[in-house]
Amino acid sequence: MRILVAVKQVPDTATQVKVSADPRVIDTTGITWIISPYDEFAVEEALRIKEKRGQGEVVAVSLGPERVKEALRACLAMGCDRAIHLNDPAWSDADTLVTAKALAAVVRQEAPQLLLCGRQAIDDDMGAVAAQLAELLGWPCAYWVMEEAIDADTKTVRAARQVEGGLEVFDLPLPAVLTAQKGLNEPRYPTLRGIMGAKKKEIRDVKAADLGWAPEPPQLSVVTLEALPPRPPGRIIQGDVPTAVKELVRSLREEAKAI
Amino acid sequence: MPNAFWCIVEDDRRGTPKKVMAEVIGEAARVSSGRAEAVWLTDKASEAGLTQLAEWGATKVWLLENGAFAPYRSEVWVGAAAELAAKERPRAIFAPVTSRAREFAARLAARLGVGLAADCVAFAMDGERLVATRPVYAGKLLAKVAWAKTPWVATLRPNVFRPADGEPGRKAAVERPSGPTPAAQMKFVERREEVSTGLPELTEAEIVLSGGRGMKGPEHYVILEDMARVIGAAVGASRAAVDAGWRPHRFQIGQTGRTISPKLYMGFGVSGAIQHLAGMRTSKVIVAVNKDPEAPIFRIADYGIVADLFEVVPELTKEFKKLLEK
């Protein structure tokens, strides 16, 4: 069985992010890039499915500029068999829908039985591409998946999605889309052998023309990025614990009107 | 109504809209000058629920009632909603941020070929276009975004927008568009309920108490739960505490957990790592209690106490009790 995993390269959470001279984009100087954490859960789950079945192929795919190769190389080091890089300036202002359309074109070419994505990418936190892929492909989709089990005989996947107040379990006919939630698994670290082996694995560059892509404007655009308005300065309440606590409760009641 | 702002109803799965709908309808009505309409996909709506939507300001309720709509499956909902949207041509489609509404809005936007802005915290009309504000990069920046065409599809972060004042007696026409029963590929197997803490849901609570690494172990969360019961709060945790196995992941606040925006957030033994701030920095009032005066959370806290949380929490619970008994 072939599994496709869509990943996004994002700035490390701890990285300082600043608006660039063009106020619609961030200044990428000095940024440390990582695979979005939820996407790592997706990669890990794909590898586990392959290992459990003792056969199959895991293909990592990502859209973005040249630097994205590092993220794909990291997926290969974890154990993915090969990678596809949607690497074309035609997609430089892609919104979620344009991204989903480009990825859907790759999915149609690769014809996997399962498509795994992270629940959302931690840079723009839109959490939309997986659902939009499912829509474009006409596939069923289970979001925020906490457990899954493939049944090869019936060609279904049983997936438990996290909802407010519990888990809901569904059987989805394959091919299907699953989005990985934290708790699904604990991603592995690449081994030295994995890192060495990744250098020999294929990362195929795909240009817009390779997908028969007709230029398409984004449906959602950033007008400006802005720094957060500063919070009003806070106050450290002094005194021994009983005094400080009394003053806190009084402040919450009378000043902040929060209780 | 032409140019209506649709509000996709989130309900409690028992026929009653959730409180967050007062915020969604309130904001839709504000931005559209009173053109909010509710769209409710459910297996069973209650009369009280329909009345509630009208009182919050929905001028019309589109009620799509069908057994196939529960439990929610995007593939089933999207066809019914898209068909109605093609006919009624709403100007905007709003939904609250919940696990399912986030997915549904994304899928619906794809079906309609329009843009989606998720997890918005503000809206403003700029001439004839809508501009939405949403936190990005772990909440370190705010992005202002705009759509290429209508309907403008957006999800709204709970507890951020001013809820509509319910106006008793306000009425709304209920339309029941008929359509074919949608087919489903996904087959429902079962629902597993979480063991209830008896406390409010994290993302819906007006007050959230959060325990971090300073809690020292899972056994101590009971002191936060005691306080939570006194003031009607939810109890969450930092990633450090969740990764240590002290609390299940569903209680995690932060970038790889829940995003919350309560009226009052109180962190106990929470250091305030960036990834935690990403999940709570839009809280209205932030209180931090930590032994370490250098803890980064003090930089965004409105009120801080530098002390041992194990001394502060019982004292604070006692004072809250006294206050609320008055």
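Visitor: What makes β9(B) largely enclosed by the rest of the structure?

Guide: This is a predicted model. A residue is buried if 20 or more other C-beta atoms lie within 10 Å of its own. In β9(B), 5 of the 5 residues are buried, so the strand is largely enclosed by the rest of the structure.

Visitor: Which residues of β9(B) point one way, and which the other way?

Guide: B:Trp152, B:Ala154 and B:Leu156 point one way. B:Val153 and B:Thr155 point the other way. All are buried.

Visitor: How do you know that β4(B) and β9(B) pair?

Guide: Pairing takes at least two bridges between the strands. β4(B) and β9(B) have 5 bridges, in the parallel sense.

Visitor: What joins β5(B) to β9(B)?

Guide: 3 bridges, and the two strands run parallel. The cut-off is at least two, so β5(B) and β9(B) count as paired. B:Leu116 stands opposite B:Val153 of β9(B).

Visitor: In what order do the strands of this sheet come?

Guide: The order is β5-β9-β4-β1-β2-β3-β10 in chain B. These 7 strands form an open sheet with parallel pairing. β5 (116-120) and β10 (173-175) of chain B stand at the edges. Each has a single partner strand, so one side of each is left without a neighbour in the sheet. From one strand to the next, the twist averages 25°.

Visitor: How do you know that strand β1 and strand β2 of chain B pair?

Guide: Count the bridges. Strand β1 (residues 5-8) and strand β2 (residues 36-42) of chain B are joined by 4, and they run parallel. The requirement is at least two, so they pair. B:Ile8 has B:Val39 as its bridge partner in β2(B).

Visitor: Which helices lie across strands of this sheet?

Guide: Helix α1 (residues 20-32) of chain B is one of them. It lies across β1, β2, β4 (92-96) and β9 (152-156) of chain B. Helix α1 of chain B runs at about 175° to β1(B). Angles go from 0 to 180 degrees between N-to-C directions. Helix α3 (residues 74-88) of chain B lies across β2 and β3 (60-65) of chain B, at about 150° to β2(B).

Visitor: What makes chain B as compact as a globular protein of that length?

Guide: Start with the content: chain B has 8 helices and 16 strands. The radius of gyration is 21 Å, close to the 20 Å that the globule rule gives for 326 residues, so chain B is as compact as a globular protein of that length. Its C-alpha trace spans about 60 × 45 × 45 Å along the principal axes. Of the 326 residues in chain B, 56% are buried. Among its contacts with a separation of 6 or more, 66% involve residues 24 or more positions apart.

Visitor: How is chain B divided into domains?

Guide: Domain 1 covers 5-175 and domain 2 covers 207-325. Their C-alpha centres are 31 Å apart. Contact joins 8 residues of domain 1 of chain B to 10 residues of domain 2 of chain B. The domain 1 side of that contact has 5 nonpolar, 2 polar and 1 charged residues.

Visitor: And what are the domains of chain A?

Guide: Domain 1 (2-211) and domain 2 (232-259). The C-alpha centres of these two domains of chain A lie 46 Å apart.

Visitor: How many residues does each chain give to the contact between them?

Guide: Chain B gives 72 residues and chain A gives 71. On the side of chain B, the largest share is 9 residues, from helix α4 (residues 99-112) of chain B. By class, the chain B side has 39 nonpolar, 10 polar and 23 charged residues.

Visitor: Which strands pair between chain A and chain B?

Guide: Strand β11 (residues 166-173) of chain A and strand β11 (residues 187-193) of chain B. They share 6 bridges and run antiparallel. A:Val169 stands opposite B:Glu190 in β11(B).

Visitor: Why is A:Arg48 called partly exposed?

Guide: The label lies between exposed, at 12 or fewer neighbours, and buried, at 20 or more. A:Arg48 has 16 C-beta neighbours inside 10 Å, so it counts as partly exposed. A:Arg48 is found in helix α1 (residues 37-53) of chain A. Its C-alpha atom is separated by 9.4 Å from that of A:Asn185, 137 residues apart along the chain.

Technical notes: Residues numbered from 1 in each chain as written. Chains lettered and ligands numbered in written order. Predicted model: local features only at pLDDT ≥ 70, side-chain atom pairs only at ≥ 80, totals over all residues. Contact = placed C-beta atoms within 7 Å. Nonpolar A, V, L, I, M, F, W, Y, C, P; charged D, E, K, R; others polar. Domains from an automatic or database assignment. Rg over C-alpha atoms; globule rule 2.2 N^0.38 Å.
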